[in-house]
Amino acid sequence: HTLQAPHGSSTKYWWLLAAGPLLFLLAFVSLSIAFTLAGTPEPDVPAKVSSLVPHCLVFVLTCLGVAALRLPVEARRAWTLPSRKNMAGDLVIGTLCGVSLAALYFAWLEPALVYLQRSLGDFVPPGAVAPALSSHMALFFTANVLLAPLVEETVYRGIAIPALSARLGLPTGVLLSSVAFGLLHWAGGLWYILLTGIVAGGCFAALYVARGGILAPFTAHLVLNVVEFAHAYYSRLDA
């Protein structure tokens, strides 16, 4: 079912892919203007906005979820689950991939991200991603565990890959969906966009195509984000 051609204009799918980055931009610009009008000194505005990244993430993911619900046919098709036998395989493979991605991130990718930010530069400070996201643990849990796997997999794998692949071919569909998924994370900086788009987005897209549905990438995404949240939570306790 993954490559069934959606009916109607493709404009709505392009808007759906653009919605996440545009909503983040709208939120950050609005907050910057609000803090400035409230009399916050200009050098302090970026830090004030960064402290509200978890709030912005909940806002953006909620809006994306509502947008996906406005495509009910595509959303239902995305969540057409496999047979019980294949479902067990999806859950096992997704869990193993999620754990592997988490181990890879903490062992290699996070240090590499900070190194690239320090040595080559970025538009966010080195190492600022994790502290900003974990500054409000309840919101971080809501965004990262409850909303992100469900909303992002529905939009970027379950809806985007079939829609784009039916019109442009599977390789292009996978590539564009991964690029859009990376751009959703632009608040983390240039290197974070590349990290999420290539590594996480590529892995989730490969799972979607290989398993023929959304359950495996959703499981991998959920497991990865649960491990990230647990790591952030226990790091705060040890601090």
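Visitor: Which residues in H8 meet which residues in H9?
Guide: This is a predicted model. On the H8 side the contact uses Leu170, Val174, Ser178, Phe181, Gly182 and Leu183. On the H9 side it uses Ile193, Thr196, Gly197, Ala200, Gly201, Gly202, Phe204, Ala205 and Val209. The residues of this contact divide into nine nonpolar, six polar and no charged.

Visitor: At what angle do the axes of H8 and H9 cross?
Guide: Roughly 135°, and the axes come within 8 Å. H8 covers residues 170-184 and H9 covers residues 190-211. The two helices are therefore oblique to each other.

Visitor: Is the crossing of H8 and H9 left-handed or right-handed?
Guide: Right-handed.

Visitor: New topic. How many salt bridges does the structure hold?
Guide: Three. One of them joins the side chains of Lys12 and Glu74, at 3.4 Å from N to O. That pair links distant parts of the chain, with Lys12 in H1 (residues 11-37) and Glu74 in H4 (residues 72-78), 62 residues apart.

Visitor: Is Glu74 buried or exposed?
Guide: Glu74 is buried, because its relative accessibility is 8%. Lys12, at 34%, counts as partly exposed.

Visitor: And what does Arg211 pair with?
Guide: Asp90, with the closest N and O atoms 2.4 Å apart. This pair also links distant parts of the chain: Arg211 is in H9, Asp90 is in H5 (residues 84-120), and they are 121 residues apart. Arg211 is partly exposed at 31% relative accessibility, while Asp90 is buried at 2%.

Visitor: Which residue forms a salt bridge with Glu153?
Guide: Arg157, with 2.6 Å between the closest N and O atoms. Both residues are in H7 (residues 137-168), and because they are four residues apart there, about one helical turn separates them. Glu153 is buried at 0% relative accessibility, and Arg157 is buried at 0%.

Visitor: Last one. Where is Thr219, and what does Thr219 touch?
Guide: Thr219 is in H10 (residues 215-238). Not counting residues up to four places away in sequence, Thr219 touches Leu91, Gly94 and Thr95. Its relative accessible area is 8%, so Thr219 is buried.

How values were computed: Residues are numbered from 1 along each chain as its sequence is written. This is a predicted model: local features need pLDDT of at least 70, side-chain atom pairs count only at pLDDT 80 or more; totals for chains, interfaces and linings use all residues. Side-chain values use heavy atoms; hydrogens and water are left out. Axes are lines fitted to C-alpha atoms, for helices over the stretch in contact, and angles run from 0 to 180 degrees between N-to-C directions. Angles under 35 degrees count as roughly parallel, over 145 as roughly antiparallel, 65 to 115 as roughly perpendicular and the rest as oblique. A crossing is left-handed if the near helix is turned anticlockwise from the far one by less than a right angle, and right-handed if clockwise. Contact means heavy atoms within 4.5 Å. Ala, Val, Leu, Ile, Met, Phe, Trp, Tyr, Cys and Pro count as nonpolar, Asp, Glu, Lys and Arg as charged, and the others, Gly among them, as polar. Buried means under 20% relative accessible area, exposed over 50%, partly exposed in between (1.4 Å probe, protein chains only). A salt bridge is a side-chain nitrogen of Lys or Arg within 4 Å of a carboxyl oxygen of Asp or Glu.
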